[in-house]
Amino acid sequence: MSDDKPTYQERLKGILHTDRAAPPLTNKDGEVDGGEASCAAFGYLRGIRDHATSVELRFRSGNSYYFPYSWMGTWQYNPSEGLLLKFSGDLVYLVLIKGSNLDKPLNEGAINLTRGGLQRHRVLWLREMTPEEIRQVGDTGPTIDSIEMAEFESHEALKEWVSKKAPAFLQ
């Protein structure tokens with residue numbers, strides 16, 4: 001094992017402290033070898049062929065909720081409403097993510113929250129940002145103002161919730 005690789009504690013600090021990204025892992029030739037990276041709104045797997053098994057929703061309250069990607073069904077993106085994710089397990093769960101630039105590519109250009117991230121199961125976590133963090137990012141990247149989640153036992157209740165929270169998603 002090489003001494004120049006980040007320690008477990010260093011990688012953990014990079015994951016937990018979203019103000020800086022975890023150092024990229026390198027292979028024996030010193031090239032970046034997958035690993036994790038993040039922006040202020042979400043964290044993702046760097047490797048093109050890497051896939052996460054679940055996505056974590058991080059709320060400003062400090063609570064988190066995890067959904068397996070195997071439960072993820074249809075999802076819709078509407079720039080004026082946000083992102084609506086549907087997870088089906090023991091119940092049906094809807095997650096409404098509101099923010100700006102949700103489909104904007106990050107600096108590296110290969111990843112964004114929608115097509116390069118969620119669609120390819122590379123997003124590890126999403127988090128609600130504080131108003132100060134949103135101001136700091138501005139128009140330079142994606143921001144997440146709020147994450148709302150609800151669970152449903154009936155299709156009627158689901159449609160009622162969507163009509164109140166994000167009517168543009170109703171067809």
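In the predicted model, Leu 57 has Tyr 65 of strand E4 as its bridge partner. The pairing of strand E3 (residues 54-58) with E4 is antiparallel and runs over five bridges. Together the two strands make a hairpin, with five residues between them. Gly 62 lies in the turn and has a positive phi of about 100°.

Tyr 65 also belongs to an aromatic cluster, whose other members are Phe 67, Trp 71, Phe 87 and Tyr 93. Seven aromatic pairs occur in the structure. In one of them, the ring centres of Phe 67 and Phe 87 are 4.2 Å apart and the planes meet at 10°. Stacked pairs have planes under 30 degrees apart, so the pair of Phe 67 and Phe 87 counts as stacked.

The relative accessible area of Phe 67 is 1%. For Phe 87 the relative accessibility is 0%. The cut-off for a buried residue is under 20%. Phe 67 is therefore buried, and Phe 87 likewise counts as buried.

A further ring contact involves a charged group. The charged end of Arg 58 sits over the ring of Trp 125. Its distance from the ring centre is 4.3 Å.

The largest pocket holds about 300 Å³ of space. Its lining comprises 14 residues, and those closest to the centre are Gln 76, Leu 84, His 155, Leu 158 and Phe 169. Strand E5 (72-78), E6 and helix H4 (155-165) each contribute at least two lining residues. H4 gives the largest share, four residues. By class, eight of the lining residues are nonpolar, four are polar and two are charged.

Methods:
Residues numbered from 1 in each chain as written. Predicted model: local features only at pLDDT ≥ 70, side-chain atom pairs only at ≥ 80, totals over all residues. Heavy atoms only, no water. Phe/Tyr/Trp six-rings, centres within 6.5 Å; stacked < 30°, edge-to-face > 60°. Buried < 20%, exposed > 50% of the residue type's maximum accessible area, 1.4 Å probe, protein only. Lys NZ or Arg CZ within 6 Å of the ring centre and 35° of its normal. 1 Å grid on protein atoms, 1.4 Å probe; cavity = no way out; pocket = protein on both sides within 12 Å on 5 of 7 lines; lining within 4 Å. Points joined across faces, edges and corners; volume = space filled by probe spheres on them. Nonpolar A, V, L, I, M, F, W, Y, C, P; charged D, E, K, R; others polar. Pairing = 2+ DSSP bridges.
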